[in-house]
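This briefing goes through one protein structure, topic by topic. Keep the sequence and the 3D view at hand while reading.

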Amino acid sequence: AHHFVTNTLIFFSSYYRLTRIGSMVFFIHDLSDVPVDLSKLANFVKWKVTTIVCFVVVVLMWMVNRLGIFPFVICRSVLVESYEYLVLKGTMDPALHQACYLLFYSLMGALVFLHLTWFLILLRIGWTLVSKGERHDLSEHKDGEKQKTS
């Protein structure tokens with residue numbers, strides 16, 4: 001669902017030439033994806049300390065970027081400033097702005113909800129790491145597969 005919503009948001013931002021929205025979505029996601037991949041790599045090669053450090057960086061980056069900057073800076077800008085810049089100072093038709101506004105804010109709201117859901121999953125992974133010392137990757141577990149713990 002997360003990739004579908006994100007890609008739909010990117011597609012429509014390109015289609016309607018609202019590339020600032022799409023580029024900010026890419027930027028916010030790319031910033032927090034790097035430590036996610038590093039954490040998975042460190043876990044795969046069984047570097048416990050590196051896994052923990054990367055995981056802490058993931059949680060902090062997720063909180064700042066996806067639960068802080070995205071909803072309170074980017075979504076706020078779309079909500080508050082888009083009419084002024086696109087209609088009053090720009091050339092966008094007010095009816096088109098209203099349609100785009102509803103579409104983009106719905107997609108951005110869904111993305112914030114999904115970010116919060118994934119953050120709760122990250123907290124669950126962190127709790128498992130701290131309480132049991134297990135480092136398995138809950139995000140990659142497939143139904144029906146037996147989970148290996150270290």
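A residue is called buried when its relative accessible area is under 20%, exposed when the value is over 50%, and partly exposed in between. Glu-81, with a relative accessible area of 28%, is therefore partly exposed. The model discussed here is predicted. The protein has 150 residues, of which 35% count as buried.

**Overall fold**

- The secondary structure consists of 5 helices and 0 strands.
- Along the sequence, the pattern reads α-α-α-α-α.
- Ala-1 sits in the segment before α1, a helix that covers residues 2–15.
- Ala-1 is exposed, because its relative accessible area is 74%.
- Ala-1 and Leu-114 are 113 residues apart along the chain, yet their C-alpha atoms are separated by 8.0 Å.

**Salt bridges**

- The structure contains 2 salt bridges.
- One of them joins Asp-33 and Arg-66, with 2.9 Å between the closest N and O atoms.
- Asp-33 belongs to helix α2 (residues 19–44) and Arg-66 to helix α3, so this pair ties together parts that lie 33 residues apart in sequence.
- Asp-33 has 32% relative accessibility, so Asp-33 counts as partly exposed.
- Arg-66 has a relative accessible area of 2%, so Arg-66 is buried.
- Another salt bridge is formed by the side chains of Glu-81 and Arg-76, at 3.7 Å from N to O.
- Glu-81 is partly exposed at 28%, and Arg-76 is partly exposed at 41%.

**Cysteines**

- How many disulfides does the structure hold?
- The number of disulfides is 0.
- A disulfide is a covalent bond between the sulfur atoms of two cysteines.
- Cys-75 has a relative accessible area of 4%, so Cys-75 is buried.
- Cys-100 also counts as buried, because its relative accessibility is 4%.

- Ile-52, Val-56, Leu-60, Met-63, Val-64, Ile-69, Phe-72 and Val-73 make a nonpolar surface patch of about 700 Å².
- Leu-60, one of these residues, is placed in helix α3, which spans residues 48–80.
- Leu-60 has 47% relative accessibility, so Leu-60 counts as partly exposed.

**The cavity**

- Rolling a probe the size of a water molecule over the atoms shows where empty space is left.
- The structure holds 1 cavity of 30 Å³ or more.
- The largest cavity contains about 70 Å³ of space.
- Its lining is made up of Leu-18, Ile-21, Val-78, Ser-82, Leu-86, Met-92, His-97, Cys-100, Tyr-101 and Phe-104.
- Which helix supplies the largest share of the lining of the largest cavity?
- Helix α5 does, with 4 residues.
- Helices α4 (82–88) and α5 (94–132) each give at least two residues to this lining.
- Cys-100, named above as buried, is among the residues that line the largest cavity.

Methods
Residues numbered from 1 in each chain as written. Predicted model: local features only at pLDDT ≥ 70, side-chain atom pairs only at ≥ 80, totals over all residues. Heavy atoms only, no water. Disulfide = S-S within 2.5 Å. Buried < 20%, exposed > 50% of the residue type's maximum accessible area, 1.4 Å probe, protein only. Patch = residues over 30% accessible without salt bridge, like charges linked within 9 Å, V, L, I, M, F, W, Y side chains within 5 Å. Areas by Shrake-Rupley, 256 points an atom, 1.4 Å probe, with all protein chains shown as cover. Salt bridge = Lys/Arg side-chain N within 4 Å of Asp/Glu carboxyl O. 1 Å grid on protein atoms, 1.4 Å probe; cavity = no way out; pocket = protein on both sides within 12 Å on 5 of 7 lines; lining within 4 Å. Points joined across faces, edges and corners; volume = space filled by probe spheres on them.
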